[in-house]
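Colleague: I would like to learn how to read a model like this one. Could you take me through some features, one at a time?

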Amino acid sequence: MLGLLATLPWWAGDQYQIHLAALIAVYWILVAGLNLVVGFTGQLSIGHVGLLAIGAYAFAILAGRYEWSPWIALLASGSIGGVCGLLLGLPSLRLPGFYFAMATMAFALIVAEITLALGDLTGGGVGLAVPGFSAPFDSPAGFYLLLLGIAALITWFTWNVARFPWGRALVAIRDNPVAAESVGVPVFRMKLAVFVLSGITAGVAGALFASLQSYITPDTFVFELGLFFFVCIIIGGRSSIVGPLVGTAVLTALPELVAPLAKLGNLFYGVLLLAVVLLVPEGIGRLFEVLLARLRPERAASHVLEPDTERLAAAIRKGRDA
Amino acid sequence: MLGVIVTGLAIGALYAATALAYNVMYSTSKVLSVTTGHLAMLGGVFGAWFVTALGWPPLLALPAALVVGAFAGWLTDVIAIRRVLKRSDEHLWLLSTLALATIVQQGVGLWWGTEPKPFPRLLPQDFSSGIADQKYWLPIATTVLMALALELFYRRTLYGKLFIAMSEDTFAARARGIETDRIRSTSFAIAGALGALAGFAAGQLTFAFFALGLTLTLNGFIALAVGGLGSNVGALVGGAALGLLNTISANLIGGEYQNTVSVGALMLILLLKPEGIFGARNVRPV
């Protein structure tokens, strides 16, 4: 699958399709981290676009104005995103569901406000030009391959997190925090760690996003973009990685390929979110699982237990002798 | 300085009215709906449309806007709350009301346009009256009347008592024969009408603007959380304090940091007194 995606630059019809694929990869880098927060831990963050904006501006300022190497600026953007995630998470993750969602939304609005206000640093409403990466990643195809590599790395990482006891603990926090705490899951620390991780991926995604767009203004990072990331995960399905991945790809590509949907824009995402929440709250990924199970009913596996008579006899003999 | 205070109180009145609408819905359903601010936005936009586009007199446009708001509130319950409350997952109502709020906001944006449009004058008054202008005292007076009417409603009418019974314990209320589903729908319709009334009264201050809903949802919620969830006095005090804080800070350090200041105040209050100034301390559910 990854190999097939890696050859995309050679069979894609035009440059625009490569750009679209690169955009999906950038979004996915953020959504993969956010997925651990929303899909696994159940913390409904609708304001991650704020962290994306911070990463993008950090990269634009460091690599553009101060002419740092893009690679170091990329690392710095990730770290700044992580630090901002920590600062946002420390107070807000203690709050219950609706309060937390409002706090993240407010964070996104605050970031938008500050990028406009600090005109000297961020260029204000005019925006900033963003440098690209050095060769061989300076062409659209090369940059796409770089994005694909980072996206694959992060997917692999989140998949590992989800698969091991860590991920189980996150799901336990989502389903019942009190029960999770009672069996020894450090609830707040886990939430915070995952949130900081999502901040790092959002910062990295922001840097790559800025470089991909090559020019950023505060209008690039509207609140609705944060809602879009959120919708991708909810529609894809909870505690799944493939679901949100497919959700991100489809939702990014669909309005670009079907022109009437682009005009409706966020209305379309709203309708989709409402339909999914009301009809299949577990996400569309779950729907496929159910359909598959209907189509191919699995036979109940039969287990035949054979008593290990020799060992049993030996044990009895040993007990009798003792 | 007086001008700053009056403006702050007028904006604060709008926040307080939104917080009151939150409270009405919260009392019967324990749901904080993301659509609350959008109800006020609908009141403003439809009020402006009725008067400027259709040429109705304000006395006719006001009840019409209230009907639109009440209908939107009722629809919120039917679409986003009723089915969702039957499941036990507590996050779902947040998602469904968020989706509905997005639909309403973007729908209005597509239909009405994304530019703020002026709201018509409601009373004959020339523009030279300064801080005695109707755009300041109309929202303040409306919100105070609204709070008084709600207080009377809760204390003196049977329906109000049903609301209180449901806010204490929905299951017990249902066991005593109260039709909880219908009461909840009613409360959402009432909240919708109240929100629309506030949006209509404050229309000259805010203009008829499609993105107002999200701002109000946030600021009304901040007013509510500061004042104390479920308390109407808290909603009034929180709204007024937030409005004053907004305009005074805008006057001192510039208007660019409005959200930063209000959210900072919210975080401070929540750290010091998590249940809000007038809120009841909830026992932690296990």
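**Reading the model**

Modeller: In chain B, helix α1 (residues 2–29) and helix α6 (residues 158–168) pack at an angle of about 65°, and their axes are 6 Å apart. Helices here are DSSP runs (H or I, at least four residues), numbered from the N terminus. Axes are lines fitted to C-alpha atoms over the stretch in contact, with angles running from 0 to 180 degrees between N-to-C directions. This is a predicted model, where local features need pLDDT of at least 70 and side-chain atom pairs count only at pLDDT 80 or more, while totals for chains, interfaces and linings use all residues. Residues are numbered from 1 along each chain as written, chains are lettered from A in the order in which they are written, and side-chain values use heavy atoms, without hydrogens and water.

Colleague: Which residues of α1(B) and α6(B) meet?

Modeller: From α1(B) come B:Val24, B:Ser27 and B:Thr28, and they meet B:Phe163, B:Met166 and B:Ser167 of α6(B). Contact means heavy atoms within 4.5 Å.

Colleague: How do I read aromatic pairs?

Modeller: A pair of aromatic rings is described by the distance of the centres and the angle of the planes. Rings of Phe, Tyr and Trp (its six-membered ring) pair if their centres lie within 6.5 Å; planes under 30 degrees apart are stacked, over 60 edge-to-face, and the rest tilted. Over all chains, the structure holds 30 aromatic pairs. Take B:Phe46 and B:Trp111: their ring centres are 5.3 Å apart and their planes are at 25°, so the pair is stacked. B:Phe46 lies in helix α2 (residues 36–53) of chain B and B:Trp111 in helix α4 (residues 92–112) of chain B, so this pair ties together parts that are 65 residues apart in sequence.

Colleague: And how many salt bridges are there over all chains?

Modeller: The count is seven, with a salt bridge being a side-chain nitrogen of Lys or Arg within 4 Å of a carboxyl oxygen of Asp or Glu. B:Asp77 forms one with B:Arg184, and their closest N and O atoms are 3.0 Å apart. Because B:Asp77 lies in helix α3 (residues 58–86) of chain B and B:Arg184 in helix α8 (residues 180–201) of chain B, the pair ties together parts 107 residues apart in sequence.

Notes:
Helix = DSSP H or I, 4+ residues; strand = E, 2+ residues; numbered from the N terminus.
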